[in-house]
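Hi,

Here is the structure I promised to pass along. Have a look at it first, and then read on for what I found.

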Amino acid sequence: MLFQRTLELAAHNQGAYEITNFIADIIKESKIHTGTCHLFIHSSASALIISDIADDSTKDTTADFMAQLAPSNINANENINNAMNAIPPAIKHAYSQNELTIPVSNGRPGIGVWHGIFLWEYKSAPIERKLTITIMGDPLHKSFRLTR
Amino acid sequence: MVHQQQLRFSTDGRGTYNITQQISDVISKSGVMTGICQVFIHHTSASLILCENADPTVRTDLDAFMKRLVPDGDSLFKHQDEGPDDMPAHIRTILTESSLSIPINKGKENLGIWQGIFLWEHRTSTYKRNVTVTVIGE
C-alpha cells in the first residue's frame with residue numbers, strides 16, 4: 001500500500017522547526033500500520049534532521065556548529081551576486097540531509113524516545129518550502145519481534 | 001510484502017561496529033527477493049554509515065577526522081551536562097546518517113563488494129543501541 005502527499009509549508013525564518021506531530025498525523029491518515037515513511041524537502045537550502053528533544057541547547061549548539069563550519073561572511077565565489085546569502089546554506093545543506101526515512105510501527109513514527117523530526121531552514125530570508133511524504137507498507141498488524 | 005524487526009546491539013565505546021551480517025539475516029528471514037531494506041537507529045548519539053570493510057584503519061581514520069572536526073568539550077558547546085563527549089555525539093550523528101536504505105536483489109543486500117553497514121557509536125561509554133529494520137518488496 002502506498003500513500004503520498006506533497007505539502008506547502010509556510011515560510012519560516014532561519015532555525016529549526018519541529019514537525020514530528022505533523023508527520024505522525026499524516027502517518028495516521030495513511031492507515032499504514034507497518035512500513036516506512038520517506039520525507040523529502042524540495043530545497044537545497046534547508047534540511048530534515050532528527051535531533052534530541054530533551055534539551056533545547058542541543059539544537060542551539062548544532063546551529064552554532066553549523067555557523068562555524070559555514071560562516072555567514074564566507075566569500076566562496078565573488079562572481080555570485082548573492083554569494084553571502086547563498087553559499088552558507090548550500091554548505092550546511094550538503095553536510096545534512098534533505099531526505100529522511102523513518103520506520104512506521106503500530107501506525108506511528110517508529111522513532112527513538114528522545115527523537116524529534118526537525119525542518120532546518122538555513123536561509124536567512126523566510127521562504128516557502130515544499131515537503132513530499134511517501135508512506136509505504138502494510139495496513140495489517142504484523143508481529144514486532146525483539147531479538148538478541 | 002512488509003517485514004519489520006527490531007535489533008539490539010551492545011557497544012563498548014566510541015567506534016564503528018559491523019552489523020552487515022545481522023541486517024543480512026533479517027533480509028533472509030523476510031523472504032523478500034526484490035525490494036528495499038531500510039535500517040533506522042533510535043538514538044541521537046549513535047549513527048549508521050556505509051563504509052569500506054576491507055581495511056579497518058579507514059574507520060579509525062574516519063573517527064580521528066570526526067574528533068578533529070567536532071572536538072570533545074569544545075567551548076562553543078552550551079550543552080555540557082551529559083559530559084564532554086555528548087554534544088559532539090549529537091553533531092556526529094547529524095553529519096552522518098540515522099537511516100539507510102539498501103536495495104535487495106535475489107534475496108540479498110545488494111551492496112558494493114567493499115561496502116559494509118556499520119553502527120557508529122559516538123559516545124565513549126557502554127550502551128545498548130536499538131535498530132529497526134523494515135524490509136519492503138516482493
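In this predicted model, 41 residues of chain A are in contact with 36 residues of chain B. About 3,300 Å² is buried between chain A and chain B, and carbon and sulfur atoms give 60% of that area. The count of salt bridges between the two chains is one: the side chains of B:Lys78 and A:Asp64 meet there, at 2.5 Å from N to O. Across the interface there are also 14 residue pairs in polar contact, both at pLDDT 80 or more. Among the elements that give two or more residues to the side of chain A that touches chain B are strands S3 (34-41) and S4 (46-52) and helix H2 (56-69) of chain A. H2(A) gives the most, with ten residues. That side of chain A divides into 15 nonpolar, 18 polar and eight charged residues.

B:Thr96 sits in the loop between helix H3 (86-95) and strand S5 (99-105) of chain B, and counts as buried because its relative accessibility is 8%, under the 20% cut-off. The residues B:Thr96 touches include A:Gln97, B:Trp120 and B:His122. A polar atom of the B:Thr96 side chain lies 2.7 Å from the backbone oxygen of B:Arg92.

Finally, helix H1 (residues 20-30) of chain B: B:Thr20, B:Ile23, B:Ser24, B:Val26, B:Ile27 and B:Ser30 are buried. They cover an arc of only 155° around the axis, so they lie on the same side of H1(B). B:Gln21 and B:Ser28, on the other side, are exposed. Just after H1(B), B:Gly31 takes a positive phi of about 75°.

Best wishes

Note on methods:
Residues are numbered from 1 along each chain as its sequence is written. Chains are lettered from A and ligands numbered from 1 in the order in which they are written. This is a predicted model: local features need pLDDT of at least 70, side-chain atom pairs count only at pLDDT 80 or more; totals for chains, interfaces and linings use all residues. Side-chain values use heavy atoms; hydrogens and water are left out. Helices (H or I, at least four residues) and strands (E, at least two) are DSSP runs, numbered from the N terminus. Buried means under 20% relative accessible area, exposed over 50%, partly exposed in between (1.4 Å probe, protein chains only). Contact means heavy atoms within 4.5 Å. A polar contact is a pair of N or O atoms within 3.5 Å; within protein, one must be able to donate a hydrogen and the other to accept it, and residues adjacent in sequence count only if both atoms are side-chain atoms. The arc is that of the directions from the helix axis to the C-beta atoms. Buried area is the accessible area (1.4 Å probe) that two parts lose on being put together, summed over both. A salt bridge is a side-chain nitrogen of Lys or Arg within 4 Å of a carboxyl oxygen of Asp or Glu. Ala, Val, Leu, Ile, Met, Phe, Trp, Tyr, Cys and Pro count as nonpolar, Asp, Glu, Lys and Arg as charged, and the others, Gly among them, as polar. Lists of a residue's contacts leave out its neighbours within four places in sequence.
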